[in-house]
Amino acid sequence: MRDLLVAAKVPASAILPKDQSTTTLENIRNALPLLPGRDVIIVTDRYHAKRARMVATHFGLRATMDCPAPDSWPIRHHIRETLALPAYAIRLRRIPRS
């Protein structure tokens, strides 16, 4: 992902790689203390964008989604996201907003 961002002219100093998160929820929650404000751009796959935005919104972020066009979307990704969206909505109800 870093290489794609650098190739797209994002300054390397603006890229904060995160390698401690294993879920979308953890990734966004762990990034909160590093953010200078509430406006963010989330770069993710198009099929994953709804879930990422839902989590970001829960934590008070104003998220703009940037989704590079993939060559193809494996059906397993669509199935996973179809199941993950309601599961995340339920899970987020139990997590305090920031």
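Modeller: The questions below move from the overall fold to single residues. The model is predicted, so local features need pLDDT of at least 70 and side-chain atom pairs count only at pLDDT 80 or more, while totals for chains, interfaces and linings use all residues. Residues are numbered from 1 along each chain as its sequence is written, and side-chain values use heavy atoms, with hydrogens and water left out.

Biologist: Which pattern does the protein follow, read along the sequence?

Modeller: Helices (H or I, at least four residues) and strands (E, at least two) are DSSP runs, numbered from the N terminus. The protein has four helices and two strands. Read along the sequence, they give the pattern α-α-β-α-β-α.

Biologist: What is the radius of gyration of the protein, and does a compact globule have a value near it or far from it?

Modeller: The radius is taken over C-alpha atoms, and the globule rule is 2.2 Å times the number of residues to the power 0.38. For 98 residues, a compact globule would be near 13 Å, which agrees with the value of the protein, 14 Å.

Biologist: Is Ser-72 buried or exposed?

Modeller: Ser-72 lies in the loop between strand E2 (62-66) and helix H4 (75-93). Buried means under 20% relative accessible area, exposed over 50%, and partly exposed in between (1.4 Å probe, protein chains only). Because its relative accessible area is 54%, Ser-72 is exposed.

Biologist: How far from the centre of the ring of Tyr-88 is the charged end of Arg-51?

Modeller: A charge sits over a ring if NZ of Lys or CZ of Arg is within 6 Å of the ring centre and within 35 degrees of the ring normal. The charged end of Arg-91 sits over the ring of Tyr-88, 5.9 Å from its centre. The charged end of Arg-51 also sits over the ring of Tyr-88, and its distance from the centre is 4.8 Å.
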